[in-house]
Structures are given as structure tokens and as C-alpha cells.
Amino acid sequence: MINAIVYRKYTYRLAVCRDWELWESLNRSPSTVCFSERNYAWRLPPGFSPERASDVCKLFEGIHVMGSFFKHTAREKRLEPHGRSTVRNILLCQLSIGEPYSMQNDIYDYYNVTFVAKSFVREQVNYKSNIIGFLLQIRRMISCVVFHSYDRLSLRTVRWLLQNPISSNFHDLRIPVAPPQGLFLTEVVYAPEMFTHPFPYYRHSWDYPMEDFGSMDDAQTNA
């Protein structure tokens, strides 16, 4: 069986306010720019250090057991006959300069954190026969990037989370999880074979020669 997806690319948008006076003013009276970014970025106060954030990004790259970034309750563990693998290969974790979502402004500095991997660990919840996936791994990784940039989380702690892959670690350390509104799936790359020999294979009506439809119409007319 062909593994369809080569990699997934996610982008998390950060909007960092440029100074404290402006930040406090916006808290009292939000501007139109604030509302334009409300659902599309994590708005942060001044003090964000791109250099410190990049240090955490470099730490995440490579093959890791991401158990500490996976919400897996004791009840779920008891119900599963076999434990899930949380080994993931993070092909890229990179901080870059971003841009406003819709309105040019002099309020925020924008940054994008890009994650590229074949797959990410997911929490799955069954609700009325539907499976809803909450992609918490990236949001927890973003928390580490952001809080280290503000000197609120040490690089040593991030290393410890990677070296001790236990699902309760993140909660036990009381690290807040990054909000979901800044996270976007920006690209999915499929294997070339999926376009020539897709699995499962489905034959659509336009895949049949036109003369086949002509013979079918004649048969229906004669009937």
C-alpha cells in the first residue's frame, strides 16, 4: 500500500506588539487592527526575542519521541490494547518574518513559525461516531517557543520534555497551551504515485470512453 502523504506543512502566526505603552492602550481600547488579527494570530506583548525562539525551533528538528506533547489520559491508555507510537520526524521548525493578515499597520511585528513533518501526534475524541482531531502537538511546541523567547521557560526544560516523553509532563509543569487561532495548515504534499495509481482507486464516469455511453443509450432506447 502506498503511503499517500509525503509531508504536511503548518504555519503558526504571531503578532507581537511593538511597545508597552501601545499594548496597554490597546487593552483599554482595541483598534480595528486588533479585531482583524483576533482569529488569525496569537497577539503577544512586547519582549519577544526571535533569537531565543529560534533556539527552541532548532531543538525540535529531527527525530523525537513526542510523548510529552501528546495529551493521552490514563483512561485512554487503559482502553487501548496497544500503545500509540509518538515517534515523529520534524523535518523543519523555523521562525521567519510574517506579515499582516489583512491590514497594514505599525502596531505589530509579525512572525511565522513553520513546521514540516510527515505526521504529528493527535488527540482523538469520539463524539457521535465522528472522530475530531485536536492538533495539540504543534500548539504545545509553540508554547515552548514563545515562553522561552520571553525567558519564562528554560531551554533545559524543553530538552527535558523531549528526553522524558510522558504525556502528563506538559500538564504537570503547568505550561499554558498556545491558542488555536494562529495555526494554519498551509501545504500537503502527496506522493506522485497517488496521481497515477491512487488508492483506493475510484473510476468516475468521465474515465469511460464516450462510445460506451452511446451504446448504453441505444440499449435503453431499444428496451
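Reply: Happy to, and let's begin with R52: at 26% relative accessibility, R52 counts as partly exposed. Please keep in mind that this is a predicted model.

Me: Which residue forms a salt bridge with R52?

Reply: R52 lies in helix α3, and its partner sits in the loop between α5 (136–149) and α6, so the pair ties together parts that are 99 residues apart in sequence. The closest N and O atoms of the two are 2.9 Å apart.

Me: Is α3 roughly parallel or roughly antiparallel to α6?

Reply: Helix α3 (residues 50–60) and helix α6 (residues 155–163) pack with their axes 11 Å apart, at an angle of about 20 degrees. Angles under 35 degrees count as roughly parallel. That makes α3, relative to α6, roughly parallel.

Me: How many nonpolar residues are in the contact of α3 with α6?

Reply: From α3 come D55, V56, L59 and F60, which meet L155, V158, R159 and L162 of α6. Asp and Arg count as charged, while Val, Leu and Phe count as nonpolar. By class, the contact has two charged residues, no polar ones, and nonpolar residues numbering six.

Me: Are E37 and R13 buried or exposed?

Reply: E37 in helix α2 (residues 32–37) and R13 in strand β1 (residues 5–17) are 24 residues apart. They form a salt bridge whose closest N and O atoms are 3.0 Å apart. Buried means under 20% relative accessible area, and both E37 and R13 are buried.

How values were computed: Residues numbered from 1 in each chain as written. Predicted model: local features only at pLDDT ≥ 70, side-chain atom pairs only at ≥ 80, totals over all residues. Heavy atoms only, no water. Axes fitted to C-alpha atoms, helices over the stretch in contact; angles between N-to-C directions. Helix = DSSP H or I, 4+ residues; strand = E, 2+ residues; numbered from the N terminus. Parallel < 35°, antiparallel > 145°, perpendicular 65-115°, else oblique. Contact = heavy atoms within 4.5 Å. Salt bridge = Lys/Arg side-chain N within 4 Å of Asp/Glu carboxyl O. Buried < 20%, exposed > 50% of the residue type's maximum accessible area, 1.4 Å probe, protein only.
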